[in-house]
Amino acid sequence: MGKLIFLQEIDLKGSPVVRSHIREDVVEEYASIYKKEKVKMPPIDVFTEDNKVYLLGDGAHRTYALISLKVKTVEANVHKGGREDALRFALNANERHGVRRTRDDKRSAIREAITQWPKSSDNQIAAICAVDKNTVLTVRDDMEKKGAVKPEPIRTGKDGKEYAASEKTSGKKSGQVVNSPTEPKDNVGSPIPSFAKQYWDRADEVA
């Protein structure tokens, strides 16, 4: 069960935009559905940090349909979080339901994700956006050529480790682990097992 919020409290300009554009035909279709009292549309999803201003995470077409009808309130699932949380939710939401994403929609989503998390690996961006890794690679390359984002030679994978993005930009073999925060090393460069790290951290105290 959602919560009724005022449409004017939704910051549409500040909300993440993951579709290439809002389709007017879909807005009109949803508006006609809302007019039918027996047909119930699912709640939209919004994020807030102060319960005063809401960022749209899912339901842009539904929101614009209600605005066109001059409706004042909308039923919403309210989540705690800011723009980054709303973006992460939005990037994946349209793959699960709603208007089927076009090729441009997917590329728009990828651009938003790379802009927000430029140091994330292509695999991680692909997982967040529910797209193919090769598409992410193509979009990132295009963004770098246009200067939309700067090249990131070292990127973070889903496992939290840092990897070389490519031999050309980092001087290391692509996919090579550069830094692993989960595997600290001792004075001679040997990995410290996780069960022994607590003792290693207290070495000075023991001495």
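Q: In which loop does Ile22 lie?
A: This is a predicted model, in which local features need pLDDT of at least 70, side-chain atom pairs count only at pLDDT 80 or more, and totals for chains, interfaces and linings use all residues. Residues are numbered from 1 along each chain as its sequence is written, and side-chain values use heavy atoms, with hydrogens and water left out. Helices (H or I, at least four residues) and strands (E, at least two) are DSSP runs numbered from the N terminus. Ile22 lies in the loop between strand E1 (3-6) and helix H1 (24-35).

Q: Which residue of E3 is the bridge partner of Phe47?
A: Two strands pair if DSSP finds at least two bridges between them. Strand E2 (residues 44-48) and strand E3 (residues 55-58) run antiparallel and are joined by 3 bridges. In E3, the partner of Phe47 is Leu55.

Q: Which residue in the turn between E2 and E3 has a positive phi?
A: E2 and E3 form a hairpin, with 6 residues between them. The turn residue with a positive phi, about 60°, is Asn51.

Q: How many residues of helix H5 are buried?
A: Among the buried residues of H5 are Asp122, Ile125 and Cys129. Helix H5 (residues 122-129) is mostly covered, and the buried count among its 8 residues is 6.

Note on methods. Buried means under 20% relative accessible area, exposed over 50%, partly exposed in between (1.4 Å probe, protein chains only).
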